[in-house]
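Reader: I'd like to learn how to read a ligand site and a helix in a model like this one. Can you walk me through it?

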Amino acid sequence: MKKRNILVTGGLGYIGSHTCVELIKSGYEVSIIDNLVNSERFILDRIEKISGEKINFYEIDIKDLDETRSCFKNKNFDLVIHFAALKSVNESVIFPDRYYRNNIGSLENILKCIESEDVGGLVFSSSCTVYGQPDILPVTESSPLKKAESPYAETKQICEKIIKEFSTINTKPSISLRYFNPVGAHESGLIGELPRGVPDNLVPFITQTAIGKRDKLKVFGDDYNTKDGTPIRDYIHVVDLAEAHVSAVDRLINDETKDNYEFYNVGTGTGYSVLEVIKSFERINKIKLSYEIVGRREGDIESIYSDNKLSSKTLNWRAIRDLDQMMKSAWIWEKKFNESDS
Ligand code: NAD
Ligand code: WQD
């Protein structure tokens with residue numbers, strides 16, 4: 001039987017690259033569009049090396065509708081997974097226009113191509129930021145979406161609304177996955193998170209401190225109302241997250257969706273504090289990390305973690321990798337990346 005062809009936008013990025021590997025492992029053909037705004041071309045070779053398959057790669061900026069449409073022509077993509085977006089919360093506050101244009105504009109172009117080229121459906125990268133600071137934990141899919149706390153979060157809320165409308169009108173089924181905090185890397189150490197400049201996120205900051213690129217990790221606040229005073233997040237291994245995408249793709253391909261628009265939390269269901277993450281990193285990798293407690297970071301919420309019952313049941317998926325595995329793989333990736341100096 002002919003393999004189903006999945007177009008992965010942003011497929012050279014952090015989550016996209018891991019998802020391409022898992023899709024190929026599950027028997028899908030993969031094509032990638034990426035404009036390399038936050039990724040490197042060598043990641044393509046690495047995905048091909050891990051999976052042993054050749055990938056169709058198109059270097060296109062999805063904001064350009066004509067180029068994007070020409071890429072869809074005659075390819076008969078069965079589905080699109082749309083990862084391509086800018087993702088820095090801080091940067092979105094400084095350059096909101098860039099975020100609205102890139103994240104919402106790209107989605108609109110992808111939907112136009114799905115419609116005109118008769119592609120079967122869409123899986124969309126959403127985020128737990130759509131919930132803001134929830135009143136009740138864990139957050140379920142029916143928790144209210146609070147006013148967005150950044151232009152980035154607003155783009156995710158708007159994109160979900162656009163997709164819901166589109167799927168209903170065009171009867172093209174779509175699934176949004178609301179990721180919690182993806183961390184870790186592929187076990188090969190060949191692909192992982194590649195932050196440009198000083199990382200905003202906790203885990204790349206930890207690994208860059210451990211390797212000596214940063215002097216000290218700053219822990220932003222230990223005066224929160226949590227178990228040890230530091231904020232709680234639901235960290236999920238990026239390979240578990242990638243597997244959730246394969247499950248969502250299977251659901252669409254097998255015509256199993258109950259509604260034209262479905263949305264799911266993708267987290268482990270367990271919250272860990274910043275100090276617990278640091279301790280896990282130190283223990284599993286036998287490293288003493290240099291860190292200090294400083295003041296709170298503006299805009300940080302106290303605690304968030306998922307109720308993942310719906311995704312586990314409906315997508316027939318489970319997060320199986322624990323915090324130690326996340327920290328171990330993140331460190332292998334950092335070391336290997338610095339050895340190869342790619
Ligand atoms: P990433 O930056 O590593 O990957 C995104 C990829 O999209 C990059 O390779 C980039 O070059 C590409 N891209 C961006 N704009 C493009 C455009 N206009 N045309 C073509 N390519 C474009 O980010 P990631 O961490 O892999 O995130 C993937 C998706 O998941 C994003 O939509 C992000 O908002 C969402 N998300 C990420 C997290 C996280 O913590 N990493 C959490 C929740 C949701
Ligand atoms: C985690 C915890 C920090 C860095 C962001 C986005 C969110 C989503 C995931 C896309 C917090 C603390 C961090 C550091 C620290 N992305 N921290 N020192 O803020 O939960 O979520 O990434 O959708 O939208 O906002 O993740 O990794 O930045 O922070 O103490 O140097 O680590 O205060 O408690 P966050 P993060």
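Author: Start with polar contacts: a pair of N or O atoms counts when the two are within 3.5 Å. Keep in mind that this is a predicted model. Here, a nitrogen atom of ligand 2 sits 2.7 Å from a polar backbone atom of lysine 218.

Reader: Which side chains have a polar atom by an oxygen atom of ligand 2?

Author: Asparagine 181 has a side-chain N or O atom 3.0 Å from a ligand 2 oxygen, and arginine 297 puts a polar side-chain atom 2.9 Å from an oxygen of ligand 2. Taken on its own, ligand 2 has 690 Å² of accessible area, and the protein covers 87% of that.

Reader: Who makes up the shell around ligand 2, by class?

Author: Ten nonpolar, four polar and five charged residues. Of the 19 residues around the ligand, the nearest are Thr129, Tyr152, Lys218, Arg233 and Asp300. Strand E8 gives the largest share, four residues.

Reader: Now the helix. How do I read which way its residues point?

Author: An α-helix has 3.6 residues a turn, so residues three or four places apart point the same way. Now try helix H11, residues 323–340. Its buried residues include Leu323, Met326, Ala330, Trp333 and Phe337.

Reader: What do the buried residues of H11 pack against?

Author: Several elements, among them helix H2, strand E7 and helix H9.

Reader: And which residue caps the N-terminal end of H11?

Author: Aspartate 322, with a side-chain oxygen 3.3 Å from the backbone nitrogen of aspartate 324.

Note on methods. Residues are numbered from 1 along each chain as its sequence is written. Chains are lettered from A and ligands numbered from 1 in the order in which they are written. This is a predicted model: local features need pLDDT of at least 70, side-chain atom pairs count only at pLDDT 80 or more; totals for chains, interfaces and linings use all residues. Side-chain values use heavy atoms; hydrogens and water are left out. A residue is near a molecule or strand if one of its heavy atoms lies within 4 Å of it. A polar contact is a pair of N or O atoms within 3.5 Å; within protein, one must be able to donate a hydrogen and the other to accept it, and residues adjacent in sequence count only if both atoms are side-chain atoms. Accessible areas come from the Shrake-Rupley method with a 1.4 Å probe; for residues, only the protein chains shown count as cover. Helices (H or I, at least four residues) and strands (E, at least two) are DSSP runs, numbered from the N terminus. Ala, Val, Leu, Ile, Met, Phe, Trp, Tyr, Cys and Pro count as nonpolar, Asp, Glu, Lys and Arg as charged, and the others, Gly among them, as polar. The expected span of a helix is 1.5 Å times one less than its number of residues. Buried means under 20% relative accessible area, exposed over 50%, partly exposed in between (1.4 Å probe, protein chains only). Contact means heavy atoms within 4.5 Å.
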